[in-house]
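This report concerns charged side chains and a nonpolar surface patch. Please view the sequence and the structure together.

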Amino acid sequence: MMRICVVGAGYVGLATAVMFGKLGHEVVCADKDRDRVRTVKSGKIPFHEPYLERELAKLVKKRILSATDAAAQAVEDSNFIFICVQTPSLASGRIDTRPVKLASKTVGKGLRDADDYKVIVMKSTVVPSTTDSVVKPIVEEASGKTSSEDFGLCMNPEFLQEGHALKDSMQPSRIVVGSEDRRAGNLLMGLYESIVAPKIMTDLRSAEMIKYASNTGLATKISFANEIANMCVRIGIDSEPVLKAVGMDPRIGPQFLKPGLGFGGSCLPKDVRALLDKAKSEGYESRLLASILAINEQQPLEGIRLLENAIGDLSGKRIAVLGLSFKGGVDDIRETRAIPLIRELRDRKAKVVAYDPMAIGSFKKVMPRIEYATSAAECIRSADGCIVQADWAEFKHLGSSAFRRMKNPVVVDGRRFLDPDTVRKAGAKYLGVGYGTPGQQ
Ligand SMILES: NC(=O)c1ccc[n+]([C@@H]2O[C@H](COP(=O)([O-])OP(=O)(O)OC[C@H]3O[C@@H](n4cnc5c(N)ncnc54)[C@H](O)[C@@H]3O)[C@@H](O)[C@H]2O)c1
C-alpha cells in the first residue's frame with residue numbers, strides 16, 4: 001500500500017484518486033479551492049460523473065480517500081504526488097502554466113522536510129519540455145533537493161474521456177510513463193501493475209508529446225469527417241454512408257468520424273492550439289493543425305446554413321437550441337460549440353431559446369440574455385426551427401406531440417445521432433449536418 005497525493009481535484013485528479021483508492025492505496029486529494037475540498041470530503045464531486053461519484057463516496061466512507069487544502073503537508077506525507085491541475089489556453093493559444101508553476105512550488109515545499117524518496121508525477125497536459133524545464137527547477141528550488149537523486153520525476157499523460165472518466169482510468173487504452181531516470185519510471189509503472197493495458201516507458205518529453213499527438217489525431221479525424229461532409233452536402237450526397245464505409249477500413253477506424261458542429265470540450269481545442277503554438281516557437285508552421293482549427297471554427301455555420309435553407313432568413317425567428325454542454329451526458333461547457341452557434345444565431349437577429357439537461361446554470365453565466373426553457377419539449381414549443389447541438393439521449397425521446405407544437409417543425413441534427421425516421425414520423429422535417437440529398441434541403 002502506497003500513500004498517494006493528488007494535487008488538483010478536477011476530472012483528472014478525482015478519477016486518478018479514485019482509481020488508486022480502488023487499487024488499494026491511501027489517497028489524499030489536495031485542492032486550493034476550499035469548496036471543492038468540502039465537496040470531496042462529503043463524498044461528492046463537483047461535476048456530473050455518476051459512477052466516479054459513487055465509487056468516491058465508498059472510499060471516503062472507508063477513510064481510504066480524503067481531501068485537504070493543505071497541499072504541502074499532504075505531499076510530505078505521501079510516496080507519490082500527481083500534479084493534475086488545469087492548463088487552460090491563453091489568448092495566443094499557449095497554455096497558461098501558472099497553475100502548474102504554483103502547484104510545483106507547493107510540491108517543492110512539501111518535499112523540503114521529507115527524508116524519503118518520493119516520485120513527482122506530472123499528469124496535467126503540458127507541452128513538451130515543460131516537465132523538465134518548468135516543473136523540475138521550481139520543485140528543486142522550493143525543496144532544496146535534486147531531481148533523480150533525492151526525488152523522482154515522471155510524466156504520465158491522461159487519456160480519459162469525460163462521461164466515463166473512471167472506466168477510462170481503470171481500463172485505459174495504454175499507460176504511458178515518461179521519466180528522467182529508470183528508478184522513478186519503474187516505481188511509477190509498478191503502481192499500475194494490476195491494470196491490464198499496453199505499457200510504454202519513455203522519456204519526459206516524449207510522454208508529453210504522446211498526449212498532444214493523440215489529441216491532435218482525434219481532432220484531425222473530426223475535422224476530416226466534417227470536411228468530407230461539407231463537400232458531400234454541396235455535391236448532393238449524404239455523408240453518413242460515405243464516412244461509415246471509410247471508417248470500415250481498419251487503417252482509419254470508425255470512431256470520431258461523424259459529421260457535426262465541430263469539437264469542443266476542455267482538451268481538443270486547447271491542445272491543438274497549444275501544439276500549434278509550440279511548433280511555431282520552434283520555427284515550424286503547422287499548416288495541418290491550423291486547418292484543423294479553421295474547419296472547426298466554421299462548422300457551426302453548417303448547421304445554420306441548413307436551417308436557413310429550410311426556413312429562410314432567421315431574423316425575428318424563434319430558434320430552439322437543444323444541448324449546451326460540449327457533448328451529451330456531461331455538464332462541462334468548456335469550449336462548447338453552443339457558444340459560437342448561439343452567437344451566430346443572435347448575429348442573424350434570431351430569438352434563441354435554449355435547453356440542456358444539466359448545463360443551464362453554468363451556461364447562463366456566459367450567456368445571461370437568451371431565453372432558457374425547463375425541458376426539451378418546452379424549448380421547441382412554438383419554435384420556427386430547432387438545432388440539436390449536443391447528443392443528449394433524452395432528445396431521442398421527443399415525441400410527435402412535442403414536435404407538433406413547433407410553429408415550424410424543422411429539426412437540424414447537429415450531431416447526426418437522432419433517428420431520422422423517428423423525427424419524420426413525429427411530423428417534423430429532419431436535416432442532419434452533412435446531409436446533402438437534393439430536394440431534402
Ligand atoms: N478533463 C479531461 O477530460 C481531461 C482529460 C485528459 C487530460 N486532461 C488534462 O488534465 C489537466 C487537468 O484537467 P481537469 O479537467 O481535471 O481540470 P479541472 O479544471 O477540472 O481541475 C483542476 C483542479 O486543480 C485545482 N488547482 C489548480 N491549481 C492548484 C494548486 N496550485 N493547488 C491545488 N489545486 C489546484 C483547481 O482548483 C481544480 O479543482 C489539464 O491539463 C487537462 O488538459 C483533462
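## Basis

This is a predicted model, in which local features need pLDDT of at least 70, side-chain atom pairs count only at pLDDT 80 or more, and totals for chains, interfaces and linings use all residues. Residues are numbered from 1 along each chain as its sequence is written, and side-chain values use heavy atoms, leaving out hydrogens and water.

## Lysine 145

K145 sits in the loop between α6 (130-143) and β6 (151-155). K145 is buried (under 20% relative accessible area; exposed is over 50%, partly exposed in between, with a 1.4 Å probe and protein chains only). K145 has no salt bridge (a side-chain nitrogen of Lys or Arg within 4 Å of a carboxyl oxygen of Asp or Glu). The nearest side chain of opposite charge, D150, is 6.4 Å away. A polar atom of the K145 side chain lies 2.3 Å from the backbone oxygen of A114.

## Salt bridges

The count of salt bridges is 26. One of them joins the side chains of R94 and D277 at 2.8 Å, N to O. R94 lies in the loop between β4 (80-83) and α5 (98-112) and D277 in helix α11 (residues 268-281), so the pair ties together parts 183 residues apart in sequence. R94 is partly exposed at 45% relative accessible area, whereas D277 is buried at 14%.

The side chains of D116 and K118 also meet in a salt bridge (3.0 Å, N to O). D116 is partly exposed, at 29%, while K118 is buried, at 1%.

## Surface patch

M231, I235 and I237 form a nonpolar surface patch with about 290 Å² of accessible area together (Shrake-Rupley method, 1.4 Å probe). Patch residues have over 30% relative accessible area and no salt bridge; like charges are joined within 9 Å and nonpolar side chains within 5 Å. M231, in helix α9 (residues 204-235), is partly exposed at 43%.

Note on methods
Helix = DSSP H or I, 4+ residues; strand = E, 2+ residues; numbered from the N terminus. Lys, Arg positive; Asp, Glu negative; His and termini not counted. Polar contact = N/O pair within 3.5 Å; in protein donor to acceptor, adjacent residues only side chain to side chain.
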